[in-house]
Amino acid sequence: MLERFVNRETFDSYEDWKRNFRILTPDRFNMAYDVVDAWASEAPGKEALLWCNDFGDEVRLDWRSLSLLSARYAAALTRLGIRRNDVVMFLLKRRWQFWPLVIACMRVGCVF
């Protein structure tokens with residue numbers, strides 16, 4: 001996947017990297033569609049998110065689950081009237097649900 005977004009993956013030195021490394025982003029790049037959904041399509045069962053806390057709780061999501069959950073959250077935001085360029089503030093600690101919600105905002109195009 002990296003090769004889609006960089007001009008080169010290997011470099012001879014740090015100086016070579018500084019001179020020649022470029023990030024390639026397509027017009028209208030959207031992280032949710034261009035990265036999350038691409039991973040969900042190409043490696044759906046590959047682990048995408050591992051969340052854990054100080055109490056030993058953990059949640060693991062693969063790319064398919066992260067994509068589907070963020071799409072569901074995006075649909076909910078849209079039903080609430082949230083549109084592209086709207087500003088959204090969520091009062092949610094950095095629990096696992098935070099990350100699919102961030103990706104949902106990217107899908108909708110709103111600013112979180």
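Reply: Strand β1 (residues 47–52) pairs with β2 in the antiparallel sense over five bridges (pairing requires at least two DSSP bridges between strands; helices are DSSP runs of H or I with at least four residues, strands runs of E with at least two, numbered from the N terminus). The model is predicted, so local features need pLDDT of at least 70 and side-chain atom pairs count only at pLDDT 80 or more, while totals for chains, interfaces and linings use all residues. Residues are numbered from 1 along each chain as its sequence is written, and side-chain values use heavy atoms, leaving out hydrogens and water.

Within this pairing, W51 stands opposite V59 of β2. Five residues separate the two strands of the hairpin, and G56 in the turn has a positive phi of about 90°.

Nine of the eleven residues of α4 are buried, so the helix is largely enclosed by the rest of the structure (buried is under 20% relative accessible area, exposed over 50%, partly exposed in between, with a 1.4 Å probe and protein chains only). Among these buried residues are F98, P100, I103 and R107.

R107 lies in α4 (residues 98–108) and counts as buried because its relative accessibility is 10%. Leaving aside residues up to four places away in sequence, R107 touches N30, A32, Y33, V36, D37, S67, S70, A71 and A74.

The largest nonpolar core has twelve residues, including A74, L77, F90, F98 and V108 (such a core joins buried Ala, Val, Leu, Ile, Met, Phe, Trp, Tyr and Cys residues through side-chain atoms within 4.5 Å). α4 gives the most to this core, with six residues. F98 touches F90, L92 and K93, again not counting residues up to four places away in sequence. A second, separate core of nine residues includes A40, W63, L66 and I103.

α3 and α4 pack at an angle of about 60°, with their axes 8 Å apart (axes are fitted to C-alpha atoms over the stretch in contact, and angles run from 0 to 180 degrees between N-to-C directions). α3 is therefore oblique to α4, a class left after under 35 degrees (roughly parallel), over 145 (roughly antiparallel) and 65 to 115 (roughly perpendicular). The residues making this contact include L66, S70 and L77 of α3 and P100, A104 and R107 of α4. Just after α4, G109 takes a positive phi of about 90°.

Conventions: Contact = heavy atoms within 4.5 Å.
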